[in-house]
Amino acid sequence: MHMTFVGGFAAGTLTVASHVIVSHKGLSKNLVVNFWPLGTVWLILILASITRATAEFTNYQSHLNYAGSMVVIALVLWAVYFFKMIFA
């Protein structure tokens, strides 16, 4: 269930928001050419969902802290990259 919410819905929401931002700003090619920021966010979210899914088998609270921290880091990276686009 957490794989769906953390990995799927968060990543899907950020992907749609990214597409809307670049479309409204007329920067569609920018996202295709410079994909690393969104790819990094996706990678971090995937790692966070795997960390959350494996928390049952290891130190539970520690893994939850790691997973939550990774999601926050991914959101901050996304916001920094796309807010630069919005306000440029």
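Visitor: In which helix does Ser18 lie?

Guide: In this predicted model, Ser18 is found in helix H1, which covers residues 2–25.

Visitor: How should I read its accessibility: is Ser18 buried or exposed?

Guide: The general idea is that a residue is called buried when its relative accessible area is under 20%. Ser18 has a relative accessibility of 0%, and therefore it counts as buried. Leaving aside residues up to four places away in sequence, Ser18 touches Leu38, Trp78 and Phe82.

Visitor: What secondary structure does the chain have as a whole?

Guide: The chain has four helices and zero strands, so that, read from the N terminus on, its elements follow the order α-α-α-α. Of the 88 residues in the chain, 32% are buried.

Visitor: How do helix H3 and helix H4 pack, and at what angle?

Guide: Helix H3 (residues 36–53) and helix H4 (residues 60–86) pack at an angle of about 165°, and their axes are 8 Å apart. Angles over 145 degrees count as roughly antiparallel, which means that H3 is roughly antiparallel to H4. The crossing of these two helices, H3 and H4, is left-handed.

Visitor: Which residues of H3 and H4 meet?

Guide: On the H3 side they include Leu38, Val41, Ile44, Leu45 and Ala48, while on the H4 side they include His63, Ala67, Met70, Ala74, Trp78 and Tyr81. Sorted by kind, the residues of the contact of H3 with H4 are 18 nonpolar, three polar and one charged.

Visitor: How far does H4 reach from its first C-alpha to its last?

Guide: H4, with 27 residues, reaches 39 Å between those two atoms, which is close to the 39 Å expected at 1.5 Å a residue.

Visitor: Is Phe83 buried or partly exposed?

Guide: Phe83 has its place in helix H4, and it is partly exposed because its relative accessible area is 43%, a value that falls between the cut-offs of 20% for buried and 50% for exposed. The C-alpha atom of Phe83 is separated by 9.3 Å from that of Ile21, although the two residues are 62 residues apart along the chain.

Visitor: What share of contacts in the chain join residues at least 24 apart?

Guide: Counting contacts between residues at least 6 apart in sequence, 72% join residues at least 24 apart.

Note on methods
Residues numbered from 1 in each chain as written. Predicted model: local features only at pLDDT ≥ 70, side-chain atom pairs only at ≥ 80, totals over all residues. Heavy atoms only, no water. Axes fitted to C-alpha atoms, helices over the stretch in contact; angles between N-to-C directions. Parallel < 35°, antiparallel > 145°, perpendicular 65-115°, else oblique. Left-handed = near helix turned anticlockwise from the far one by under 90°. Contact = heavy atoms within 4.5 Å. Nonpolar A, V, L, I, M, F, W, Y, C, P; charged D, E, K, R; others polar. Expected span 1.5 Å × (residues − 1). Buried < 20%, exposed > 50% of the residue type's maximum accessible area, 1.4 Å probe, protein only.
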